[in-house]
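Hi,

Here is the structure I promised to pass on.

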Amino acid sequence: MADAADKAENLVDKAKDAVSDAADTAKDTAQDVADTAKDKADSAAGSAKKAAGEATGDSELKAEGSADKAKSEAKQAAGKAADAADEVVDQAKEAAGSLADQAKEVADTTKGAVADAKEQAKDVAEGAKEEAKQTVSQIRSTVEDIDSRDVQKAAQNPAVIGAVVAAIVAVIAIVVARRR
């Protein structure tokens, strides 16, 4: 439930950011249009001064008109360069956002794969534990069978019985000899 609330809050924040970005873009666009209109008006005024200077033979007015026109055209060129730079920045932001989304997707996929691998490892470990228990049980059973069969065979073999009796007699003789 907290996760859903966090997601909703995140979406609200993104919506607020989008609205703010749209407002900034609208404001910038309006300013750009106003600047472009002013620069074109200045260029037209410069052309008019230049034409008036040519018509009247006033070289100063002609030069001033040429300078005003060149200045306004330089501003227009600078505005176009700034617009191009803004476009590049926007494209870079979009590419970075796309890469971030892809990285998150890869991280989420990796997280899921790690969880799956962890679960599989746990299952394999449980299976190995059960197999080890069965193997130990079989070994114990085999050892018990071998011991009881060997004891039964030894108890029935007269040579083994004689050797055991002789060993016991030897031990008794050694004990008696030491006490004397």
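**Notes on the pockets**

The second largest pocket has a lining that splits into one nonpolar, three polar and eight charged residues (Ala, Val, Leu, Ile, Met, Phe, Trp, Tyr, Cys and Pro count as nonpolar, Asp, Glu, Lys and Arg as charged, and the others, Gly among them, as polar). Before going on: this is a predicted model, where local features need pLDDT of at least 70 and side-chain atom pairs count only at pLDDT 80 or more, while totals for chains, interfaces and linings use all residues. Residues are numbered from 1 along each chain as its sequence is written, and side-chain values use heavy atoms, leaving out hydrogens and water.

A pocket here is an open set of points on a 1 Å grid over the protein atoms alone, where a 1.4 Å probe fits, with protein on both sides within 12 Å along at least five of seven lines; lining residues have an atom within 4 Å of a point. Its volume is the space filled by probe spheres set on the points, which are joined across faces, edges and corners.

For the second largest pocket, that volume is about 230 Å³. Among its lining residues are Lys40, Lys75, Gly79 and Ala82. Helix 2 gives the most to this lining, with seven residues (helices are DSSP runs of H or I, at least four residues, numbered from the N terminus).

Now the largest pocket: about 450 Å³. Helix 1 (2–56) and helix 2 (59–156) each supply at least two of its lining residues, and helix 1 gives the most, with six. Its lining has one nonpolar, two polar and eight charged residues, including Asp21, Thr25, Val89 and Lys93.

Cheers
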